[in-house]
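I opened a new notebook page for this structure. These are my entries, in the order in which I looked things up.

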Amino acid sequence: NLKRTPTTHHFPMTKSLLPIQSRNVAVIGAGAAGLIAARELRREGHRVVVLEKNNRIGGTWVYTPRVESDPLGVDPNRAVIHTSLYSSLRTNLPREVMGFTDYPFTARDDGSGDPRRFPGHAEVLRYLEEFVSEFGIDEMVRFESEVVNVGLMENNKWKVKSKLRNVDGDCDEIYDAVVVCNGHYTEPRIAEIPELSLCAAVKMFTMFLISLAAFTFLGIDVWPGKQMHSHNYRVPEPFRNQVIILVGSSASAVDICRDLAGVAKEVHLVSRSVADGTYEKQPGFDNMWLHSMIESAHDNGAVVFRNGHTVHADVILHCTGYKYHFPFLETNGIVTMDDNRVGPLYKHVFPPVLAPWLSFVGLPWKVIPFPLCEYQSKWIAGVLSGQIVLPSQEEMMEDTKAFYSTLEASGTPKRYTHNMGDYQFDYDNWLAEQCGYLGVEGWRKQMYNAVSKNRLTRPETYRDEWDDHHLILQAQEDFIKYTS
Ligand code: FAD
């Protein structure tokens with residue numbers, strides 16, 4: 001039921017007969033998503049300003065040793081640090097699949113930089129910086145401009161209020177369209193909020209909300225040890241000889257527990273996806289154990305697990321993920337956040353009622369983010385220029401509701417709405433088709449699957465040992481058309 005006019009730009013499949021409309025577009029954020037959005041929007045003839053609160057591009061990939069004043073990251077008055085990177089981080093995707101489709105993330109011929117297939121974070125930042133200079137994207141970026149308010153005006157345009165760092169007063173501007181690319185790995189999601197300063201009612205309400213969350217346990221508000229979120233983890237050294245409980249089993253948890261095991265006295269992993277009796281020493285480590293969930297925490301520092309074991313810990317490190325957070329966005333309730341579902345959004349991008357004037361790039365997770373953002377950006381650019389026609393508001397809303405019903409029917413919690421996993425390539429291909437592009441390369445899909453398997457079979461060494469040599473060759477052959 002999707003009406004479509006293929007774009008006339010880049011690998012056109014059919015020529016559109018519609019005139020190209022050029023819009024004034026604000027892009028919020030100059031991370032990978034904002035950068036590719038800016039490139040695609042300008043390619044399509046739009047006038048683009050990228051508002052970036054930091055003083056450089058790269059978003060998540062701008063590592064800093066600094067951490068926030070509140071290690072749990074729940075104090076609303078804390079000075080927010082955007083990145084959640086830790087010093088030792090190497091990518092968990094191979095560089096061949098990670099890069100934008102027409103700007104491969106290849107190692108340098110002269111061997112400079114970090115040539116590894118799963119490089120350290122600095123190499124990713126360098127790639128994004130080179131991408132920016134290759135396409136002259138920095139001309140569009142206004143640095144140290146934090147967007148503090150985005151509101152819809154009566155004439156259906158957007159008023160965007162931003163604050164320049166170290167400058168008094170706000171800057172108000174009017175745009176036809178806003179593309180939100182502010183990232184979603186900054187605002188911690190945690191098990192408990194031990195905020196003793198909260199008034200009782202607020203606290204009770206908070207506890208009620210928290211009791212709905214995935215990780216809860218009694219007594220955490222009297223437990224005397226240090227609690228922090230992985231957002232504020234940088235290096236293992238401060239944890240030398242300590243006993244650490246690490247809650248969660250995300251990609252960060254898997255890396256950070258290994259980082260810590262090198263210096264800590266003991267590392268106790270807590271996973272909600274194991275049976276209650278679970279107590280397992282981790283293969284290859286003499287100081288790391290896997291436990292079932294925490295049952296209770298006590299004022300003498302003891303933490304009791306559901307498997308019956310007790311540990312006296314110094315630190316509980318919450319690797320429990322992040323929340324979508326758009327503190328600047330005012331849509332009169334049209335776009336809401338419900339248990340980490342940003343909605344209603346047609347295909348994770350357009351709120352039907354506000355389409356195409358408001359859009360989001362990069363919300364899906366368990367994906368290959370850069371190319372996915374690229375396909376989303378091409379779609380948004382084409383829709384804004386009038387080259388691609390969206391279905392009616394009602395049709396988009398129907399489609400979105402049907403998607404939510406499918407999730408509900410399969411028992412998928414709302415917080416997994418933007419978790420794509422298996423269907424990311426179908427999604428990418430759908431977007432590509434809207435834009436008249438070829439979809440995801442066969443090798444990229446196969447390599448992603450091969451790496452996912454390798455990660456399971458070789459959790460300690462998957463970044464340095466692999467069997468998919470034939471796919472690397474295919475990727476390199478494919479890249480020649482962009483690099484020669
Ligand atoms: P971000 O990179 O977060 O950029 C958002 C930008 O918006 C930032 O520059 C921020 O300063 C700016 N901003 C925010 N709010 C405002 C505002 N109000 N006003 C102005 N500017 C604002 N991806 C991979 O492909 N491979 C990996 O190996 C990988 N590993 C990861 C490891 C960790 C620990 C994390 C947290 C993420 C990892 N990712 C990985 C995913 C990563 O988030 C994406 O690769 C990508 O960086 C997302 O880009 P983004 O532009 O959506 O968000």
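**Entry 1: a glycine in a loop**

I began with G59, which is buried, because its relative accessible area is 15%. Buried here means under 20% relative accessible area, exposed means over 50%, and partly exposed lies in between, with a 1.4 Å probe and protein chains only. I note that this is a predicted model, in which local features need pLDDT of at least 70, side-chain atom pairs count only at pLDDT 80 or more, and totals for chains, interfaces and linings use all residues. Residues are numbered from 1 along each chain as its sequence is written, and side-chain values use heavy atoms, without hydrogens and water.

I placed G59 in the loop between β2 and α2. Helices (H or I, at least four residues) and strands (E, at least two) are DSSP runs, numbered from the N terminus. What does G59 contact, leaving aside its neighbours within four places in sequence? I found A30, G31, H82 and T83. Contact means heavy atoms within 4.5 Å. I also looked up G29, which is 30 residues from G59 along the chain. Their C-alpha atoms are separated by 7.5 Å.

**Entry 2: parallel strands**

Next I followed strand β1 (residues 24-28). Five bridges join β1 to strand β2 (residues 47-51), and the two run parallel. Two strands pair if DSSP finds at least two bridges between them. V27 stands opposite V50 in β2. Between β1 and β2 the chain passes through helix α1 (residues 32-43), and this β-α-β crossover is right-handed. Right-handed means that, with the strands pointing away from the viewer, the path from the first strand over the helix to the second runs clockwise.

I then turned to strand β3 (residues 141-142). β3 pairs with β2 in the parallel sense, over two bridges. Which residue in β3 is the bridge partner of L51? I read off R142.

**Entry 3: salt bridges**

How many salt bridges does a search of the whole structure find? I got 34. The rule is a side-chain nitrogen of Lys or Arg within 4 Å of a carboxyl oxygen of Asp or Glu. I wrote down three of them.

E40 and K378 meet through their side chains at 3.2 Å, N to O. E40 lies in helix α1 and K378 in helix α6 (residues 369-384), so this pair ties together parts that are 338 residues apart in sequence. E40 counts as buried, at 3% relative accessibility. K378 is buried too, at 8%.

R78 and E187 form a salt bridge, also listed at 3.2 Å, N to O. R78 sits in the loop between β2 and α2 (95-98), and E187 in strand β8 (residues 187-188), so the pair ties together parts that are 109 residues apart in sequence. Both R78 and E187 are buried.

R95 and E123 form a salt bridge at 2.8 Å, N to O. R95 lies in helix α2 and E123 in helix α3 (residues 121-134), so parts that are 28 residues apart in sequence are tied together. R95 is buried, with a relative accessible area of 3%. E123 is buried, with a relative accessible area of 3%.

I also traced a network of salt bridges. It links R39, E40, R43, D102, E374 and K378.

**Entry 4: aromatic rings**

I moved on to the rings and found 24 aromatic pairs in the structure. Rings of Phe, Tyr and Trp (its six-membered ring) pair if their centres lie within 6.5 Å; planes under 30 degrees apart count as stacked, over 60 as edge-to-face and the rest as tilted.

Y346 and W379 have ring centres 5.9 Å apart and planes at 50°, so the pair is tilted. Y346 is in the loop between β21 (341-343) and β22 (358-360), W379 is in helix α6, and the two are 33 residues apart. Are Y346 and W379 buried or exposed? Both are buried.

F425 and Y448 form an edge-to-face pair, with 5.5 Å centre to centre and 80° between the planes. F425 lies in helix α8 (residues 424-435) and Y448 in helix α9 (residues 442-457), so the pair ties together parts 23 residues apart in sequence. F425 and Y448 are both buried.

One aromatic cluster is made of F100, Y103, F105, Y127, F131, F135 and F370.

**Entry 5: charges over rings**

R95 came up again. It lies over the face of F105, at 4.5 Å from the ring centre. K347 lies over the face of W430, at 4.8 Å from the ring centre. A charge sits over a ring if NZ of Lys or CZ of Arg is within 6 Å of the ring centre and within 35 degrees of the ring normal.
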